[in-house]
Amino acid sequence: MLINQNELEKLCKYLYPKLFDYKDIVLNNLEIKIDNYIHIKANLNYYNIETKLKAIARIRVENEIIIDIKGVIKYGIINLDLNKVLKETVKDIPYLVINDESIIIDNEYIKDIKLKDEYVSIELK
């Protein structure tokens, strides 16, 4: 299965409210670019304060899906580490573990994920 960067943006916009909107973090804009990495830029509104997110991620499958991600969230004039904020924000999701360098997702269905030329290629088991 191939997913291009526009489709990935649409998928993220669809899934976003299920994870964050109830915590009053509103997604205003999202841009995703795919090459050997996934580059993410987002503008959010968090309790009426303009918040910007910038991140770069690489995905691999080793039984679990592992997303190696680094990023910064600019909340007003404060810069926050993306992984530390995610760790605190989504700590109540049982199939998701976030550490200082990665997001680890339980996986039963995906055999491999590759990033290339504006596409995410997903191979199912």
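**A tyrosine cluster, a core and a helix**

Let me start with the aromatic residues: Y46, Y47 and Y75 are linked into a cluster by ring pairs, where rings of Phe, Tyr and Trp (its six-membered ring) pair if their centres lie within 6.5 Å, and planes under 30 degrees apart count as stacked, over 60 as edge-to-face and the rest as tilted. This is a predicted model, in which local features need pLDDT of at least 70 and side-chain atom pairs count only at pLDDT 80 or more, while totals for chains, interfaces and linings use all residues. Residues are numbered from 1 along each chain as its sequence is written, and side-chain values use heavy atoms, with hydrogens and water left out.

A search of the whole structure finds two aromatic pairs. In one of them, the rings of Y46 and Y47 have their centres 4.7 Å apart and their planes at 75 degrees, so the pair is edge-to-face. Y46 and Y75 also form an edge-to-face pair, at 5.5 Å centre to centre and 65 degrees between the planes, and this pair links distant parts of the chain, with Y46 in strand β3 and Y75 in strand β5 (residues 64-75), 29 residues apart; strands here are DSSP runs of E, at least two residues, and helices runs of H or I, at least four, numbered from the N terminus.

Finally, in helix α1 (residues 5-19), Q5, L8, E9 and Y16 are buried.

How values were computed:
Expected span 1.5 Å × (residues − 1). Buried < 20%, exposed > 50% of the residue type's maximum accessible area, 1.4 Å probe, protein only.
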